[in-house]
Amino acid sequence: MLRACADAGLDPRHIDGFASYGDDRSEATRLASALGLPRLRSATMQWGGGGGGCCAAVANGAAAIATGQADCVVVFRSLNQGQYGRFGQSAGSGTISGERAYLVPYGVISPPQRFAMRIQRYMHEHGIRQEALRAIALASYHHAQANPRAVMHGKPLDAEKYDASRWIAEPLHLFDCCMENDGAAALILMDAQRAADCAQKPVYLLGAAAGSGPRFGSFAHNSIEYASGNFGTVAPDLYRMAGVEPKDVGVVQAYDSFTGGVLMALAEHGFFPPEAANDFLVLDNLVAKGGRLPLNTSGGNLAECYVHGFELVLEAVRQVRGTSSNQAARNDVALVVGGPMVSPASNLLLGSRDALGETPR
């Protein structure tokens, strides 16, 4: 948070609100005390959805400012999984309840196993080949090689290495699954008038949405649209609020816990119909230099780091600012997709002053 304030040229004591998600353990009251804030006015936590809340947390912070409940909100996520157990491991428990009661007796225990079932069915229904998932992974690793912050910087991935990697749960290879690491990320929200006085070029929130389709979160995995990223209702809300269309988006940061979720999310955000996925999802289309839709330009969850998806929001900010290590040719409008295949999921659109098209607020 102090580094975010330094980046903005802001005295930390101007902060009066916090927003997060995923049941972050860094409580707002303790943060306020640690930072020496004169007062705390807003503290919001997005409910449910795990990493699917990364965009909704930004929306919640913005809502607090828009309604006069805060003036300067830090949106953040911090992880120290080593102390509390890793997301990718099955937590030991004497009782199995909720969703796990429908899965564990059949050997479906870890997150890759759960989500692989949705992805496999989606690929079967639409005739999507493994190469589409491979292209998503290759794009993330390709971008990580130009990003010195990336955990996988200096560790390139090619098609042969991907194909030779072990299966985790079909159709997911090793490189279709994200990393796990500790870390933290934060951004600062304020109204446009105040942001104009900051040290960095402002980036504007064009729109945000969160939610779920019918019965998507059913414990019994019997939702109406089981083979889905869960953006069928959320994506239209986002575009309507922002007043833009898919063709206006120049770069995408899509939550890539698993490549199959990115596949679904891109289709559900209108970049291609599912039946065209094999033609669209090729490496040349997804890289920052020359690609039709540059994807996960910092390396994403797969190859930059895993801060529960919030590093994707920061990369979208860098793209709009023009400071990314893999700058997209079209960067006025950047889409962030949070948590495909979870409920509730969320998304947001960030843009430049030119993309806003009116006097910013």
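Student: Before we start, what pLDDT do local features need here?
Tutor: This is a predicted model, so side-chain atom pairs count only at pLDDT 80 or more, totals for chains, interfaces and linings use all residues, and local features need pLDDT of at least 70. Residues are numbered from 1 along each chain as its sequence is written, and side-chain values use heavy atoms, with hydrogens and water left out.

Student: OK, strand E10 then. How many of its residues are buried?
Tutor: Helices (H or I, at least four residues) and strands (E, at least two) are DSSP runs, numbered from the N terminus. Buried means under 20% relative accessible area, exposed over 50%, partly exposed in between, with a 1.4 Å probe and protein chains only. Ala 345, Asn 347, Leu 349 and Gly 351 point one way from E10, and Ser 346, Leu 348 and Leu 350 the other way, all of them buried. E10 (residues 345-351) is largely enclosed by the rest of the structure because the buried count is 7 of the 7.

Student: Which residue in E10 is the bridge partner of Leu 205?
Tutor: Two strands pair if DSSP finds at least two bridges between them. Strand E7 (residues 204-211) runs antiparallel to E10, joined to it by 7 bridges. Ala 334 has Leu 350 as its bridge partner in E10. For Leu 205, the partner in E10 is also Leu 350.

Student: And E9 and E10: which residue in the turn has a positive phi?
Tutor: Strand E9 (residues 333-338) pairs with E10 in the antiparallel sense over 6 bridges. Together E9 and E10 make a hairpin with 6 residues between them, and the turn residue with a positive phi, about 65 degrees, is Gly 339.

Student: Let's look at Thr 297. Which side chain makes a polar contact with it at 2.6 Å?
Tutor: Thr 297 sits in the loop between helix H13 (283-286) and helix H14 (300-303), and its relative accessible area is 0%, so it is buried. A polar contact is a pair of N or O atoms within 3.5 Å; within protein, one must be able to donate a hydrogen and the other to accept it, and residues adjacent in sequence count only if both atoms are side-chain atoms. The Thr 297 side chain makes one with the side chain of Gln 253 at 3.0 Å. The one at 2.6 Å is with Glu 315.

Student: How many residues does the largest nonpolar core have?
Tutor: A nonpolar core is a set of buried Ala, Val, Leu, Ile, Met, Phe, Trp, Tyr and Cys residues joined through side-chain atoms within 4.5 Å. In the largest one, Val 252, Leu 263, Leu 281 and Leu 349 have the most contacts inside it, and the residue count is 63. Its largest share, from helix H7 (residues 130-144), is 9 residues.

Student: Last one: how many disulfides are there?
Tutor: A disulfide is a pair of cysteine sulfur atoms within 2.5 Å. The sulfur of Cys 177 is 7.4 Å from the closest cysteine sulfur, in Cys 178, too far for a bond. The count of disulfides is 0.
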